[in-house]
Amino acid sequence: MDVQCGVCQFKARVTAYMDEEQVQTSIESGCPQVMAFAERVRSLGRFEALKMPFAENKVFLAGGETLRHSTCPVPTAVCKCAEAAAGFALQRNVRLEFVRT
């Protein structure tokens, strides 16, 4: 999944695949905070990226510990990729876009 992060102009590429009962993730980005985040979410249990509430989700907890901006879209991209890799969702695009009025 390719991610355009916003005003910071960093990009990220998130990939995920199943290996036994673990979801293995990989993130490529020029952002040092995203790369620190990537190290913490490299391997996830099948259900970890889906855990609710957000305050107990390993992906969002790792984002809170490594990313400077709470609105960084990369943690959500990791959850979407992990969900699809685990077979719980189809690979469908997600889009956030400001509507100018």
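**Close-up views of a predicted model**

View 1. In the largest nonpolar core, which has 24 residues, Ile27, Phe37, Val74 and Val78 touch the most other members. This is a predicted model, so please read each view with that in mind. At least two residues of this core come from each of strand E2 (11-19), strand E3 (22-29), H1, H2 and H3. H3 gives the largest share, six residues.

**View 2. The surroundings of valine 74.** Here we zoom in on one of the core residues that touch the most other members, Val74. Leaving aside neighbours within four places in sequence, valine 74 is in contact with Val3, Cys5, Ala12, Val14, Ile27, Val34 and Phe37. Two of these partners, Ile27 and Phe37, are also listed with Val74 among the core residues that touch the most other members.

View 3. Four strands make up an open sheet, in the order E1-E2-E3-E4, and their pairing is antiparallel. Strand E1 (2-4) and E4 are found at the edges with a single partner strand each, so one side of each has no neighbour in the sheet. From one strand to the next, the twist averages 30°. Look next for H3, which lies across E1, E2, E3 and E4 and runs at about 30° to E2.

**View 4. The pairing of E1 with E2.** These two strands run antiparallel and are joined by three bridges. Within this pairing, glutamine 4 stands opposite lysine 11 in E2.

**View 5. Helix H1 and its two sides.** Gln33, Val34, Phe37 and Ala38 are the buried residues of H1. Seen down the axis of H1, they fall within an arc of 145°, so they line one face of the helix. E3, H2 and H3 are included in what covers these buried residues.

**View 6. Helix H2, from its start to its buried side.** At the start of H2, a side-chain oxygen of asparagine 57 reaches to within 2.8 Å of the backbone nitrogen of valine 59. Val59 is also one of the buried residues of H2, together with Ala62, Gly63 and Thr66. Their arc around the axis is only 105°, which puts them on the same side of H2. There they pack against helix H1 (32-40), strand E4 (43-45) and helix H3 (74-85). The exposed residues Gly64 and Glu65 are carried on the face turned away from this buried side.

**View 7. Threonine 66 in helix H2.** Threonine 66 belongs to helix H2 (residues 58-66). With a relative accessible area of 14%, threonine 66 falls under the 20% cut-off and is therefore buried. Its side chain reaches the backbone oxygen of alanine 62 at 2.8 Å. Apart from neighbours within four places in sequence, threonine 66 is in contact with Gln33, Ala36, Phe37 and Arg40. Of these, Gln33 and Phe37 are among the buried residues of H1.

**View 8. Valine 99, out in the segment after H3.** For a contrast, our last stop is valine 99, found in the segment after H3. The relative accessible area of valine 99 is 71%, which is over the 50% cut-off, so this residue is exposed. Valine 99 and leucine 61 are 38 residues apart in sequence, and their C-alpha atoms are 30 Å apart in space.

Conventions. Residues are numbered from 1 along each chain as its sequence is written. This is a predicted model: local features need pLDDT of at least 70, side-chain atom pairs count only at pLDDT 80 or more; totals for chains, interfaces and linings use all residues. Side-chain values use heavy atoms; hydrogens and water are left out. Buried means under 20% relative accessible area, exposed over 50%, partly exposed in between (1.4 Å probe, protein chains only). A polar contact is a pair of N or O atoms within 3.5 Å; within protein, one must be able to donate a hydrogen and the other to accept it, and residues adjacent in sequence count only if both atoms are side-chain atoms. Contact means heavy atoms within 4.5 Å. The arc is that of the directions from the helix axis to the C-beta atoms. A nonpolar core is a set of buried Ala, Val, Leu, Ile, Met, Phe, Trp, Tyr and Cys residues joined through side-chain atoms within 4.5 Å. Two strands pair if DSSP finds at least two bridges between them. Axes are lines fitted to C-alpha atoms, for helices over the stretch in contact, and angles run from 0 to 180 degrees between N-to-C directions.
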